[in-house]
Structures are given as structure tokens and as C-alpha cells.
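I open this notebook to record what I looked up in the structure, entry by entry.

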Amino acid sequence: MVGAAYFDQFNVVRVIGIGTGAVFTNFAMMIGAAIGVLWLLSGGRGLIPNRWQSGIELIYLGIRAMVVENLGGLGQRYLPIVICLFGLIAGGNILGLFPYVFTPTAHIAMTMGLSVSIIIGVVLLGLIKNGGVFLSILMPGGVPLVLAPFLVLIETLSFATRGVSLGVRLAANISAGHILFGILSGFVCDLWLGGLGGLSVLAVGIMAFVTLLEIMVAIIQGYVFCLLTTIYVKDTMIGGEKG
């Protein structure tokens, strides 16, 4: 029963019933909250930026540098979607660190939905821009013709698993961190209720360190997701289109 309690934080529950059959869940609520927080944080328009605006601008410049480094100058057309991905993922991760708050990015349904959609988008973009030439990424150059069918099959499977690995990596890292945090919280409560106040203070210090670590992981996972997205989009730029 105690082990099951650690996974209760990942349950999707109904918050409000809407009409007949429609429901508003904690999943939808947290997605809306993440979008709302991002909208508020990105609302700075001052000529002299305050601390929040300076932080948002630093994040923007960092994401822009990553996009330009991987996709070149012409790749900046993809900057808005990469920025939105980073904001949604990092924002959802950080909001999930608050007590009793649902973390949508810990659910495989969301992360797989994002990752598979990105891979499908990359394939469609590559076919639209390059036609059948885009499929040449599935055939390494300079290999014997007799090995071509096997290599095409291997490369196709490798390309398809990108969508799976991209989503599973994010969900697994966020879920593991939240489970660890839940276990440490229960441990602190047990120490305190058992009269071991000194040890509980030490455990609280460890939890503070883990919290800082989780904040870093939340931001890094968003950055890694966006970095891999730009690398996959780079496959559509056949023939030196980077500019």
C-alpha cells in the first residue's frame, strides 16, 4: 500500500464534469496552468528589462543559439516551435515540483504524443521539401548493394525508434525524480513521527538538495528534448540548405 501511494501522484483524475461525458482533468488543468504561467512570464515589453524579463531573454538567446548552431540561419524559422516546446516541457516539469501538483510531463501519453508528432512532422517536412531524396537518409553511402536491404531496414527501425526514445526518456527521468522525492518525503515524516528530530533535520537538508537537483533536471530535460528535436529536423536539410 505504501508503494502504491508513491504512484498516486501520477493518476489522472476528474476535476470538473462538463456536460454529458466531458470532463476537465488535472492533466488538462496543469497544461493550462503551464501555458498561463509562460504567457505571464513572456509578457515583459520594457525597454529596460527587469530580472524576470532578463531571465526570459537569456533563455530565448540560449535556445536561439542552439537552433542556429544545429540548423543554421535558415533554421530560425523553426525557432518559435522549439521555444514553445521548451517552455511547455520545462514549465510543466517545474510546476510538478510543487506539493500536490500533477506533473503532465511524467505521463507517457503526453511525452509520446509530443515525440511521435515531431517525428511524423520531420518525415512530412522532409518529403515536402526534398521529395523522394529525403529517403536517402535511410541508405548509408558506400555500402555494397547486397547489404542495402538489411541496412535500409536497420536504418528505418532506428529512425522510427527516435519517437519512442525521445518520449520515454523524458517521462522516465521526470517520473524517477518524483518517485525519489516522494520516498524521501515519507522517510522524513517517519523520522519526525518516530521522535528522531535530529535525523529528520538532516533528511530535510538532503531533500533541499534533491529539490535543487530536480529543478536543474526539469530545465535540462526540456533543453535536451528541444536539442534532439533540432537534430532530427536537421535531417530534412539535405544538400546544405543551412545557409
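**Entry 1. The chain as a whole.** I note at the outset that this is a predicted model. I counted the elements and found seven helices and two strands in the protein chain. I then looked up burial: of the 243 residues of the protein chain, 31% count as buried. I also looked up how far apart in sequence the contacting residues lie. Among contacts between residues at least 6 apart in sequence, 68% join residues at least 24 apart.

**Entry 2. The nonpolar core.** I asked which residues have the most contacts inside the largest nonpolar core. They are I63, V67 and F225, in a core of 35 residues. I listed the elements that give two or more residues to this core: α2 (26–41), α3 (51–71), α4 (79–95), α5 (108–130), α6 (148–193) and α7 (197–234). The largest share, eight residues, comes from α4.

Leaving aside its neighbours within four places in sequence, I found F225 in contact with L85, I89, L114, S115, I118, L166 and L170.

**Entry 3. α3 against α4.** I looked up this pair next and found a packing angle of about 125°, with the axes 10 Å apart. Angles from 65 to 115 degrees count as roughly perpendicular and those over 145 as roughly antiparallel. The two helices are therefore recorded as oblique to each other. I noted a right-handed crossing where α3 passes α4. On the α3 side the contact is made by I59, Y60, I63, R64, M66 and V67, and on the α4 side by L79, V82, I83 and F86. By class, I recorded nine nonpolar residues, no polar ones and one charged residue in this contact.

**Entry 4. Q53.** While in α3 I examined Q53, which lies in that helix.

**Entry 5. α2 against α4.** I returned to α4 to look up its packing with α2. The axes of α2 and α4 come within 9 Å and cross at roughly 110°. That angle makes α2 roughly perpendicular to α4. I recorded this crossing, too, as right-handed. In α2, the residues M30, I31, A33, A34, I35 and L38 meet G87, L88, G91, G92 and L95 of α4. Sorting this contact by class, I noted eight nonpolar, three polar and no charged residues.

**Entry 6. α5 against α6.** At what angle do the axes of α5 and α6 cross? I found roughly 150°, with the axes coming within 8 Å. The two helices are therefore roughly antiparallel to each other. α5 passes α6 in a right-handed crossing. From α5 I listed I108, T111, M112, S115, V116, I118, I119, V122 and V123, which meet F159, R162, G163, V164, L166, G167, V168, L170 and A171 in α6. By class, this contact has 13 nonpolar, four polar and one charged residues.

I compared this list with the entry on F225. S115, I118, L166 and L170 take part in the contact of α5 with α6, and they are also among the residues that F225 touches.

Methods:
Residues numbered from 1 in each chain as written. Predicted model: local features only at pLDDT ≥ 70, side-chain atom pairs only at ≥ 80, totals over all residues. Heavy atoms only, no water. Core = buried A, V, L, I, M, F, W, Y, C linked by side-chain atoms within 4.5 Å. Buried < 20%, exposed > 50% of the residue type's maximum accessible area, 1.4 Å probe, protein only. Helix = DSSP H or I, 4+ residues; strand = E, 2+ residues; numbered from the N terminus. Contact = heavy atoms within 4.5 Å. Axes fitted to C-alpha atoms, helices over the stretch in contact; angles between N-to-C directions. Parallel < 35°, antiparallel > 145°, perpendicular 65-115°, else oblique. Left-handed = near helix turned anticlockwise from the far one by under 90°. Nonpolar A, V, L, I, M, F, W, Y, C, P; charged D, E, K, R; others polar.
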